[in-house]
Amino acid sequence: MSATQSPQTGTPPKSSSGQATQETLEDYTLRFAPRSYRRWTPMVVATTALGGIAYMADFSIGAGIGLAHGTGNALVAIAVAAVVIFVTGFPLAYYGARYNIDLDLITRGSGFGYYGSVLTSVIFASFTFIFFALEGSIMAQGLKLGLGLPLWLGYAVSTLMVIPLVVYGMKALSKLQVWTTPIWLLLMVGPLIYLIAADPGTVDRFLSYAGTDGDGGVGIAPVLLGAGVCLSLIAQIGEQIDYLRFMPPKTEANKRTWWTAVIMAGPGWVVLGALKQAIGVFLAVYILAEVGAAAAPEPIQQFRGAFDAMMPSWMVVPLAVALVVISQIKINVTNAYSGSLAWTNSFTRVTRHYPGRMVFVLVNLGFALALMEADMFSFLNSILGFYSNCAIAWVVTVATDIAVNKYLLKLSPLRPEFRRGMLFAVNPVGVVAFVAASGLSIAMYFHLFGDTLQPYSPVAAAVIAFALTPLMAVVTKGRYYLRRTDDGIEEPLLDAEGNPTATTYDCHVCHQPYERPDLAACATHDALVCSLCLSTDKIGDHVLPATA
């Protein structure tokens, strides 16, 4: 909606192609993604989504856990976290792909309410700049090794180079991810295969490594501490859904390919993520004697050591730097893009003003650069261990609402809802479960309940969220999900195959055509209003009254 529009009168903007309208129609910021825009095949969408997990952080995370607790504990921790991430990510990925909405829009109607989900948008936005900073730090380490750039300058370069690439939405990102993925896979997998084939003894040394804090055995406390760090990545499903929302409609003809793409690029991302973490442990153990424990978690050092064993010395550093730079660009374009969506979404709902997504691209990058300059890489596991408690509480709450409250208890509406006027401002089901789960688990993480319980904070976050979400739905009898059940449009929201209806109608405020799920009837005119114009209606003149 253009800033020149008048919500009170429905006066059209000076130009029907104003900044906000055009920008949100490039990547459907804050909106349902219409069928007319979703022209990619399921596998192109899946490849684009998986391209975003080319990040190098997994190597550092795995290495950090393995060096501290030993290979056995690290591998079990990685496996435990992967199972939790896969199980919780499945219902979220399905809803995003089936109904073509991002994770914030899913969260609104899955227990949090229209304004309640602002909490989780901030959590997700924080995820994007924390991991942008982590990847930027890794790239700066590569630029220092390869080009001699000081770290502070490498941080700036890794941040600024992303801006031109993230100006555009899905169209540009799909091309970038598809073309760079084969190169990235070759550079990542090739050295590992060579090392194992050339020296099988590396596998024995890897499996027998006991860690600085371990004794070679597998224990509950170190496994849970390691899993807590890995579970900080649980919010990655939000970035996967930012791509999966562009999936084509699911039909009888494409259902097999559709499901394959959704599972592979939705919860399935964690399979590749877990493999990368295990590779990180392997490479860190391999180079430990050469570079020491301080540098072994750095991916640039890991791959420099691996490449050094298999090719001429003059090729080693350039290839290692190339791998790090390609990986950083692939993921940080996604981090910047998804973060800008999350910040914009929160700001627009709270202020009822749309400032433009690029404003929050810069905000997100500013936060990330500050973290890099503060040398976040040196206390990486502490940051991720703390953050994981919030991320777990959020994702488990939403996943439980979908799987249990919607499908088992049938207290949460099966059809997702995100439009202002249709939802209550705050739904205690999700908000109470999230606040309690994150608050108590964070208290455990900071030893407020004693040292013995500290490693169990991620477990507590998951268990409390899983238990409280259906309990709150039963206590409230599901009455705080929908403010009204009728959006004033006669045509059904879903077609005969269960896909969002593709019929278009004009919004009488911004005078643009939108598909059926993105509109609702106007409270004061015999016309329809799109979801963004409802969000930016400062006095609520167009918002339908409550009937629930």
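**Exercise 1. Determine how the side chains of R108 and D104 meet, and where the two residues lie.**

Solution. Step 1: the side chains of R108 and D104 form a salt bridge, with an N to O distance of 3.3 Å. A salt bridge is a side-chain nitrogen of Lys or Arg within 4 Å of a carboxyl oxygen of Asp or Glu.

Step 2: both residues belong to helix α5 (residues 103-112), where they are four residues apart, about one turn of the helix. Helices (H or I, at least four residues) and strands (E, at least two) are DSSP runs, numbered from the N terminus. An α-helix has 3.6 residues a turn, so residues three or four places apart point the same way.

Step 3: R108 and D104 are both buried. Buried means under 20% relative accessible area, exposed means over 50%, and partly exposed lies in between (1.4 Å probe, protein chains only).

The model is predicted: local features need pLDDT of at least 70, side-chain atom pairs count only at pLDDT 80 or more, and totals for chains, interfaces and linings use all residues. Residues are numbered from 1 along each chain as its sequence is written, and side-chain values use heavy atoms, with hydrogens and water left out.

**Exercise 2. State how many salt bridges the structure holds, and examine the pairs R205 with D199 and D487 with R516.**

Solution. Step 1: there are 12 salt bridges in the structure.

Step 2: R205 and D199 pair at 3.0 Å, N to O. R205 is partly exposed, at 45% relative accessible area, and D199 is partly exposed as well, at 34%.

Step 3: D487 and R516 also form a salt bridge, at 2.7 Å, N to O. This pair links distant parts of the chain, 29 residues apart: D487 is in the loop between α20 (457-476) and β1 (504-506), and R516 is in the loop between β2 (513-515) and β3 (519-521).

Step 4: D487 is buried, with a relative accessible area of 5%, and R516 is buried, with 3%. Through salt bridges that share partners, E417, R419, D487 and R516 are joined into one network.

**Exercise 3. Describe the packing of helix α3 against helix α15.**

Solution. Step 1: two packed helices are described by the angle between their axes and the distance between the axes. Axes are lines fitted to C-alpha atoms, for helices over the stretch in contact, and angles run from 0 to 180 degrees between N-to-C directions.

Step 2: helix α3 (residues 57-69) packs on helix α15 (residues 299-308) at an angle of about 90 degrees, and the axes are 9 Å apart. Helix α3 is therefore roughly perpendicular to α15 (under 35 degrees counts as roughly parallel, over 145 as roughly antiparallel, 65 to 115 as roughly perpendicular and the rest as oblique).

Step 3: the contact (heavy atoms within 4.5 Å) brings F59, S60 and A63 of α3 to P299, Q302 and F303 of α15. These residues divide into four nonpolar, two polar and no charged. Here Ala, Val, Leu, Ile, Met, Phe, Trp, Tyr, Cys and Pro count as nonpolar, Asp, Glu, Lys and Arg as charged, and the others, Gly among them, as polar.

Step 4: nine of the 10 residues of α15 are buried, so α15 is largely enclosed by the rest of the structure. Among the buried residues are P299, Q302, F303 and R304.

**Exercise 4. Identify the residues that touch the most other members of the largest nonpolar core.**

Solution. Step 1: a nonpolar core is a set of buried Ala, Val, Leu, Ile, Met, Phe, Trp, Tyr and Cys residues joined through side-chain atoms within 4.5 Å.

Step 2: the largest such core has 136 residues, and I61, L92, F131, F303 and W394 touch the most other members.

Step 3: beyond its neighbours within four places in sequence, L92 contacts several residues, including L103, I106, I237 and V395. Another core, of 19 residues, lies apart from the largest one; C507, C522, L534 and V543 are among its members.

**Exercise 5. Locate H353 and state whether it is buried, partly exposed or exposed.**

Solution. Step 1: H353 sits in the loop between α16 (313-351) and α17 (357-373).

Step 2: its relative accessibility is 34%, so H353 counts as partly exposed.

Step 3: H353 and S535 are 182 residues apart in sequence, yet their C-alpha atoms are 7.9 Å apart in space. Not counting residues up to four places away in sequence, H353 touches F347, T348, T536 and K538.
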